[in-house]
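Student: I would like to learn how to read salt bridges in a model. Can you take me through a case?

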Amino acid sequence: MAGRRVVVFPSLAELGPALAHLVTSRAERAITSRGRFTLGLSGGSLVTTLSKELLATAGLDCSKWLVGFCDERVVPFDNPESTYGLYKNLLFSKINIPEDGILSIDSSLPVNECAEDYARTLQKAFPDGDVPVFDLLLLGMGPDGHICSLFPNHPLLEESEKIVAPISDSPKPPPQRVTMTLPVLNAARCAAFVSTGGSKASVLKEVLEGGEGPTFPAVRVSPTNGELFWLIDEPAAASLTMQVEKPGHGVKL
């Protein structure tokens, strides 16, 4: 891993543009090097923040982007729980990303078949190796430390063969989901967590500074040959005692 960077912003208003800059700078780098930019998206509050900030980016060109989903709820796309549906309404319909540049699940399939089908979709898009290597994965973290649909103490945390796994007993509704596994998360060229709000402060301290309690799923994201960012706001960072980076002091993502 190239090293973990924890960057604390006063509020989401300052974090948002920095997130958009991270995305566009990694896109430029990837397209220059490899001819395309591969991005993995997560749901939750990230959808609104990312969509707003990318649409405010002058000259945004997504024609060479390939976008997948770090996890997805197995519900119809018009269901409010669908991460794809939310991004389609708030972002995809407003940018010049080609239709075949969006790797969505087949939500009509049963959850096990859906996971297998999405794994095949990723393998087709990333034919060069057993595990897809995304240029950038954008991740969130729940108050319980879960990432994607990988929850504390769940057997899927030990999955090492599958790149996409089904989950039918998600502690957080809806129960049926598909999720990228840790081998995919840790193969990324760059992984970036976005974590905001005071409700995340205590678990964020455990994740970033360690503790005697159980290991949270977020701790296990550590790209083997890539960068790892934590972009957080002051309320989320309230309990941290570690040294962090602050924007305005030459911080470049």
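Tutor: We will go through the salt bridges here, pair by pair. Keep in mind that this is a predicted model.

Student: What is the general idea?

Tutor: Side chains of opposite charge can pair when their charged atoms come close. The cut-off used here is 4 Å between nitrogen and carboxyl oxygen. By that rule the count is eleven salt bridges.

Student: Which residue forms a salt bridge with Arg 34?

Tutor: Asp 135, with the closest N and O atoms 2.5 Å apart. Arg 34 sits in helix H1, and Asp 135 in the loop between helix H4 and strand E5, so the pair ties together parts that are 101 residues apart in sequence.

Student: Is Asp 135 buried or exposed?

Tutor: Asp 135 is buried, because its relative accessible area is 5% and buried means under 20%. Arg 34, at 41%, counts as partly exposed.

Student: Where do Arg 5 and Glu 245 lie?

Tutor: Arg 5 is in strand E1, and Glu 245 is in the segment after strand E9. They are 240 residues apart. Their side chains meet in a salt bridge, 2.9 Å from N to O. Arg 5 is partly exposed at 23%, and Glu 245 is partly exposed at 25%.

Student: What about Glu 158 and Arg 220?

Tutor: Their side chains also meet in a salt bridge, at 2.9 Å from N to O. Glu 158 lies in the loop between E5 and strand E6, and Arg 220 in the loop between helix H6 and E9. Glu 158 counts as exposed at 56%. Arg 220 is partly exposed at 31%.

Student: Which residues are linked in a network of salt bridges?

Tutor: Arg 26, Arg 29 and Glu 227.

Note on methods:
Residues numbered from 1 in each chain as written. Predicted model: local features only at pLDDT ≥ 70, side-chain atom pairs only at ≥ 80, totals over all residues. Heavy atoms only, no water. Helix = DSSP H or I, 4+ residues; strand = E, 2+ residues; numbered from the N terminus. Buried < 20%, exposed > 50% of the residue type's maximum accessible area, 1.4 Å probe, protein only.
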